[in-house]
Structures are given as structure tokens and as C-alpha cells.
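Subject: Structure handover

Hello,

Here is the structure I promised to pass on. My notes follow below it.

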Amino acid sequence: MLRIISLVALVTMTVTVEAKNSIRDPCAKFKCHNGGSCIAPADVPYCVCPEYVTGSHCQTIAKSGTRNPCRYYRCAHGGTCVMEGKKPKCNCTSSYTGLHCHYTVQINKRKPCLNFKCLNGGNCTSPADVPVCTCRPGFFGNKCEFHLDPCFNFDCKNGGHCSAPADAPFCKCPIGFTGNKCQIRIEPRASCPIVSPGANDVCGGVFCVLDNECKPEQKCCHSTCGGKICKNVSVG
């Protein structure tokens with residue numbers, strides 16, 4: 001009898017713990033599909049869907065050809081979706097903040113910026129007694145909470161790779177290309193044949209001083225025969 005009571009108590013405790021965990025994490029059993037992620041402002045779970053995906057659980061992929069990410073980007077409490085580069089974001093009303101305008105702004109009327117913290121070095125000002133963050137270059141969002149990748153929209157051509165030390169993007173170009181975006185091809189230059197020290201050069205031909213004294217496929221090169229002569233050149 002004692003064993004049965006202990007077993008019942010253990011099962012009850014397990015169910016209670018699971019119930020508490022479920023209450024602590026509203027997203028625990030709220031599934032989002034197609035790469036969506038669950039958030040739960042005010043303990044109410046809902047899915048934030050990727051571009052071109054919609055539905056309460058991100059279960060519907062938009063029809064091919066849709067090119068308006070704001071169409072499926074949800075902004076709460078009267079917020080409006082705008083494009084930040086190629087990404088959608090919410091412009092919230094003065095009373096709300098957060099990625100999707102779900103959080104209430106607590107404003108001290110005498111000092112609006114007192115409890116309004118701007119992140120990542122942003123500066124708070126309060127025109128019309130409404131706190132507003134002015135973000136440092138490379139950051140955006142109502143509280144400067146998002147970091148814009150400096151390489152976003154910085155397209156390197158011809159296999160170049162973007163790097164951004166100190167948030168200043170530039171392209172590392174492969175061999176044979178140059179320019180701020182690797183857009184310029186470096187044309188190979190003709191060079192004189194290499195003559196090893198001590199080797200006997202092939203004498204003969206036209207003696208010269210400048211390249212324009214030679215045929216188009218030749219250059220005026222140093223010779224072990226004395227002076228310079230026109231020689232056929234290699235490209236490399």
C-alpha cells in the first residue's frame with residue numbers, strides 16, 4: 001500500500017513539474033514551421049515567420065513571385081512595417097517598442113529618457129516628450145538593438161570576399177582582379193625571357209633601346225651578348 005502511495009505521489013510531482021515548466025515557457029509546445037521561431041511577449045506565444053512564409057504557425061509558404069516581405073511581417077499595437085535595406089522592420093507607435101511592438105514603453109513624463117535605454121552606444125533624445133534612440137552607424141531598431149552586417153549589400157565581384165574590420169567593408173580580391181569591389185581585371189603583362197646567370201644567351205636579332213623599336217610580339221630585353229636586343233616575350 002505504501003509503495004502505491006509513493007508511486008502516485010511521484011507521478012503527481014512529475015506532472016506538476018511539467019505543468020510548471022510549461023507555464024514558465026509558453027513556447028514549449030507551440031510549434032513553428034518552415035524556419036519560424038516562437039516568442040511569447042506577455043506569456044502569449046506566437047510565431048515570427050521568415051520572409052514569404054505566413055500562417056499562425058508559419059505553415060503556409062507564399063506563392064512564387066511574392067516580393068513584399070512586409071506582407072507577412074506582423075507589427076502589433078498599430079505599428080507599421082517598413083523596409084530597412086532588404087529586411088522588414090516595425091515602426092512602433094510612441095507607446096510601444098520591441099521587434100514587433102509588443103512591449104509597452106514606460107515613460108517618465110519629466111525625464112522621458114530616464115527609463116528608456118538605448119543599446120550599443122545609442123543616444124536617447126526626447127522630442128515632444130517621446131524617447132527616441134539615435135543609433136551609431138551599423139545599428140538600427142527602436143533601441144539600437146540590431147547590428148546591420150557591414151557586408152550586407154556590399155557585393156564583391158569575380159569571387160571576391162567581403163571583410164569588415166572596424167565595420168568598414170572592403171573586398172579581398174582573388175588573384176587577377178582589383179578595385180574596391182574586385183570589378184577590375186588585371187591584364188597579364190608580357191615579360192622578358194629569364195636568362196640564368198652564366199648561361200649563354202642566343203645572340204643575334206635587332207639591337208634596341210626601347211620596346212617600340214621591336215615587333216608587337218617582342219620586347220627590348222637585356223642580353224648577355226652586350227646591350228639590349230628584341231626578343232619574343234611570354235605572357236605571365
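Start with lysine 231. Its side chain reaches the backbone oxygen of histidine 222 at 3.4 Å. Lysine 231 sits in strand β20, residues 228-232. Lysine 231 is also buried, at 10% relative accessible area. Buried means under 20% relative accessible area, exposed means over 50%, and partly exposed is in between (1.4 Å probe, protein chains only).

Some ground rules. This is a predicted model, in which local features need pLDDT of at least 70 and side-chain atom pairs count only at pLDDT 80 or more, while totals for chains, interfaces and linings use all residues. Residues are numbered from 1 along each chain as its sequence is written, and side-chain values use heavy atoms, with hydrogens and water left out.

**The overall picture**

The protein has one helix and 21 strands. Helices (H or I, at least four residues) and strands (E, at least two) are DSSP runs, numbered from the N terminus. Of the 236 residues, 25% count as buried. The accessible surface comes to about 16,200 Å², and 56% of that belongs to carbon and sulfur atoms. Areas come from the Shrake-Rupley method with a 1.4 Å probe; for residues, only the protein chains shown count as cover. Take the contacts between residues at least 6 apart in sequence: 29% of them join residues at least 24 apart. Contact means heavy atoms within 4.5 Å.

The UniProt record (unreviewed entry) places "domain: EGF-like" at residues 23-59, 66-102, 109-145 and 147-183. Its positions are in the numbering used here, feature names are shortened, and annotations may be inferred rather than shown by experiment. Over residues 147-183 the chain is 0% helix and 24% strand. The end C-alpha atoms of that stretch are 28 Å apart.

**The sheet around β20**

Strand β20 belongs to an open sheet of three strands, in the order β18-β20-β19, with antiparallel pairing. The edge strands are β18 (207-208) and β19 (218-222), each pairing on one side only. Two strands pair if DSSP finds at least two bridges between them. β18 and β20 are joined by two bridges, in the antiparallel sense. Cysteine 208 stands opposite lysine 228 in β20.

**The salt bridge**

How many salt bridges does the structure hold? One. The side chains of lysine 219 and aspartate 211 form it, at 3.0 Å, N to O. The cut-off is a side-chain nitrogen of Lys or Arg within 4 Å of a carboxyl oxygen of Asp or Glu. Lysine 219 is partly exposed at 21% relative accessible area. Aspartate 211 is partly exposed too, at 36%.

Strands β5 (residues 80-84) and β6 (residues 87-91) run antiparallel and are joined by five bridges. Threonine 80 has asparagine 91, in β6, as its bridge partner. Two residues lie between the strands of this hairpin, and glycine 85 takes a positive phi near 70 degrees.

Now look at the loop between β7 (96-97) and β8 (103-104), where cysteine 101 lies. Cysteine 101 is buried, with a relative accessible area of 0%. Beyond four places in sequence, cysteine 101 touches Ala76, His77, Gly79, Cys90, Asn91, Cys92 and Tyr96. Cysteine 75 is 26 residues from cysteine 101 in sequence, with 6.0 Å between their C-alpha atoms.

Histidine 100 is in the loop between β7 and β8. Histidine 100 is buried, at 3% relative accessibility. Its contacts beyond four places in sequence include Ile39, Tyr46, Val48, Tyr73 and Cys90.

Histidine 77 has phi near 50 degrees, a positive value in a residue other than glycine. Histidine 77 lies in the loop between β4 (60-61) and β5, and is partly exposed at 40% relative accessibility.

Asparagine 158 has a positive phi near 55 degrees, and is not a glycine either. Asparagine 158 is in the loop between β12 (146-147) and β13 (161-163). Asparagine 158 counts as partly exposed, at 41% relative accessibility.

Best wishes

Notes. A polar contact is a pair of N or O atoms within 3.5 Å; within protein, one must be able to donate a hydrogen and the other to accept it, and residues adjacent in sequence count only if both atoms are side-chain atoms.
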